[in-house]
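Please look over the model shown here before reading on. The paragraphs that follow walk through its strands, helices, loops and charged side chains in turn.

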Amino acid sequence: MNLPDDTVSTGINDVVSIARDGAIGLIVLDNPPVNAASHALRSGIWKAMETLQADSAIKAIGLYARGRTFIAGADIREFGKPPQDPWLPDLCNFLEDSNKPIVCVLHGTTLGGGLEVALACHARVALAGTRVGLPEVTLGILPGAGGTQRAPRLAGVAASLDLITIGKPISAEQALESGLIDRISEGDPCEIALKAAQDVIAGVLATRRTKDLSTQPDQDAISAMRAKLEKTQPLLFSPHKCVDAVEASSLPLSEGLQEERRLFNACMESPQRAGLIHAFFSERAVAKVPESLATPREVTRIGVIGGGTMGSGIATAALLAGFPVTLSERDQAGLDRGTATIAKNLDGAVKRGKLAAEKRDSILEGRLSTTTDLADLADRDLVIEAVFEDMGVKREIFETLDKVTRPGAILASNTSYLDINEIAAVTSRPEDVIGLHFFSPAHIMRLMEVVVADKTGADVVATGFSLARKLKKIAVRSGVCDGFIGNRIMTFYKKAADYMMMDGASPEEIDTAITGFGFAMGPYQVADLAGLDISWAANKRRAATRPAEERYIPIADQICEQGWFGRKTGQGFYVYDEKAPRPNPDALTIIDQERDKAGVAPRAFTQGEIVDRFVTAMILEATRVLEEGIALRPIDIDAVFLFGYGFPRFRGGPMHTADQIGAGELVRRIEAYAQEDAYYWQVPELLRNMAERDGSFAEMNEGT
């Protein structure tokens, strides 16, 4: 909406202006793309407030933003830099102390500092569809501009704890019900700001300063949240400090704000904050690849070959993103199983609130088609092969696809380990062939490795990244090697766990240590979940080329020989039945037998020793992946493990963790472990050079 013709508008700076309409003063924010709370925005609001407060004709002030959202949070370009005056806490206090009533109009996603600005105003109106939140906890900090003190005064302790410790946005309706906002309106932000300010002058819309309100004590809610966090997030720092800050809202506002600042500073000094910030930036950094300047090919129709768990998951992800999908299988029975799995996946999306129930059937009936003839994929723009890991089968499929698909169609393999160059070589168009390695379950997991073969076209790589965005996934570029980035590194560090198991640590002890480090599951819990037969097949495939010097642990193979593949067969390293999972005594017997055969005298490992060896092995192989150019940068490896392998987000990823440990200490560890196994524990030259010059992996990320 345009301002009335008689409205006088004045620019304060490039992103803030003021307008006057009779007794109403408007502060207009326009800092694309998301009106971030940059220094220019903060200083502009401050100057605008000073100007309007000094104008005796102004009786009420309306604050609103142009564009797609009100203030959506801090300016990420200012992360890690010293704050510039006016900083946000002072601005919020200045707004609250205004001698003229201020009403704020919210729209879009009003998050973090944006919501704190709104809470400091004297009334809040939201457009329908607005979402508000205080997500600072996801970055390892807490709301530091009054959010932990003003929210409880408006919405109560219990609702504020949920908002602040979880960090997820809530709807305008939820915010109205809790008391965070005062009204929901339809229309243009400018129009609503004028109307709301008029209502303030007329006494129709009540205003209040939060410092004049008291928080209703709720010790039960405080205690319940503390107990919940001790159970669900015992390793995290900032959620517990958030509870402390909300508890301080029972103090006078000035004292509560001081305590909030003290707790905020404690969070800022925590290593977890650095790790979480690094994880936050990794999502953006991985999109910067050499091929990003190429124009992606248009993909409107997708084919998926294979109706198993992976193929059905990939098809589900594409269907949910709006693509028509043709699913191909060898026979009708396979198609029936695949279709049933897709239907089950969609039912899960409905249950999780990711899909409207009424859309479920229309997706199955309107977007999904099936076939047992690969020739029916002739009109697809992209075909993703997702059959089992057998090079002969994959080569045969790609030979056929080369003949039946249209020129320019992209041919992708979802292989987890196999050589994309070898697959591409059987086609007449290797430039159209790429690896798109999804992670299971493919319709839920966010990571996708884009595996670039020697002859893959730049536009095909760009298309892989474009597809990932449409599927709401995080794509990471990988070169070709056995296992690419993630599975190659995982295969290596799993050996470190196996060596400790052979030498005396039980699978349960190892899993306990790794979950204590922050992983959701330990390596043997993961192996049982994925299926021990998968690694068994890979072990047999690699047997012919396994170096004679390598120490090989056959324990998992021996478990598989019994027909025990993990969860899907009811037992593996653990037993799975109606009771809680527990160590499999028969697997422990196999471990003892293998130790006896190898002449191993078991020794004890502390939890710290287990973690040190496991993480050091991960970093060691990750460094080799960097040396060989399989990964572009350390932050790409961090993203793979954060979003695909459950690496604890607050630790920032293996390469960020490596910098926390230090290159010198890592070299010392590897050389000490090499006294036991000089073949496995070898210091990469990149790491040794880094230690000699006191360098870091972070230096290799500069410019990303």
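Two strands are said to pair if DSSP finds at least two bridges between them, and helices (H or I, at least four residues) and strands (E, at least two) are DSSP runs, numbered from the N terminus. This is a predicted model, in which local features need pLDDT of at least 70 and side-chain atom pairs count only at pLDDT 80 or more, while totals for chains, interfaces and linings use all residues. Residues are numbered from 1 along each chain as its sequence is written, and side-chain values use heavy atoms, with hydrogens and water left out.

Strands of a sheet pair through backbone hydrogen bonds, either parallel or antiparallel. Three strands form an open sheet with mixed pairing, in the order S6-S8-S9; its edge strands, S6 (109-111) and S9 (170-171), each pair on one side only. Strand S8 (residues 131-133) runs antiparallel to S9 and is joined to it by two bridges, and within this pairing Arg-131 has Ser-171 of S9 as its bridge partner.

Strand S11 (residues 302-305) pairs with S14 in the parallel sense over four bridges, with Ile-305 standing opposite Glu-385. Strand S15 (residues 410-413) also runs parallel to S14 and is joined to it by four bridges, and here Leu-382 stands opposite Ile-410. In a regular strand the side chains alternate between the two faces of the sheet. In S14, Leu-382 and Ile-384 point one way and Val-383 and Glu-385 the other way, and all are buried, where buried means under 20% relative accessible area, exposed means over 50%, and partly exposed lies in between (1.4 Å probe, protein chains only).

Among the helices, H4 (residues 147-155) is mostly covered, with nine of its nine residues buried; the buried residues include Arg-150 and Arg-153. The helix is followed by Gly-156, whose phi is positive, near 90 degrees.

Most residues other than glycine have a negative phi, and most peptide bonds are trans. The peptide bond from Pro-32 to Pro-33 is cis, with omega near 5 degrees, and Pro-33 has its place in the loop between strand S3 (24-29) and helix H1 (39-53). Another cis peptide bond leads from Asp-85 to Pro-86, with omega near -5 degrees, and Pro-86 is found in the loop between strand S4 (60-65) and helix H2 (88-96). Phe-484, in the loop between S18 and helix H18 (486-503), has a positive phi near 60 degrees although it is a residue other than glycine, and Phe-484 is buried, because its relative accessible area is 0%.

Which residues gather in a patch of positive charge on the surface? They are Lys-168, Arg-352, Lys-354 and Lys-472. Of these, Arg-352 lies in the loop between helix H13 (332-351) and helix H14 (357-366) and counts as partly exposed because its relative accessibility is 42%. Lys-472, in the loop between helix H17 (458-470) and strand S18 (474-478), has a positive phi of about 60 degrees although it is not a glycine, and Lys-472 is exposed, with a relative accessible area of 72%.

A salt bridge is a side-chain nitrogen of Lys or Arg within 4 Å of a carboxyl oxygen of Asp or Glu, and the structure holds 46 of them. In one, the side chains of Asp-30 and Arg-66 meet at 4.0 Å, N to O, which links distant parts of the chain, 36 residues apart: Asp-30 in the loop between S3 and H1, and Arg-66 in the loop between S4 and H2. Asp-459 forms another with Arg-297, the closest N and O atoms being 2.9 Å apart. Asp-459 lies in helix H17 and Arg-297 in the loop between helix H11 (271-285) and S11, so this pair ties together parts that are 162 residues apart in sequence. A further salt bridge, at 3.4 Å, N to O, joins Lys-394 and Glu-389; Lys-394 counts as buried, with 0% relative accessibility, whereas Glu-389 counts as partly exposed at 34%. Salt bridges that share partners also join Arg-297, Asp-402, Arg-429, Asp-432 and Asp-459 into one network.

Terms used. Patches are made of residues with over 30% relative accessible area and no salt bridge: like charges are joined within 9 Å, nonpolar side chains (Val, Leu, Ile, Met, Phe, Trp, Tyr) within 5 Å. Accessible areas come from the Shrake-Rupley method with a 1.4 Å probe; for residues, only the protein chains shown count as cover. Lys and Arg count as positive and Asp and Glu as negative; His and the chain ends are not counted. The place of a charge is taken as NZ of Lys, CZ of Arg, CG of Asp or CD of Glu.
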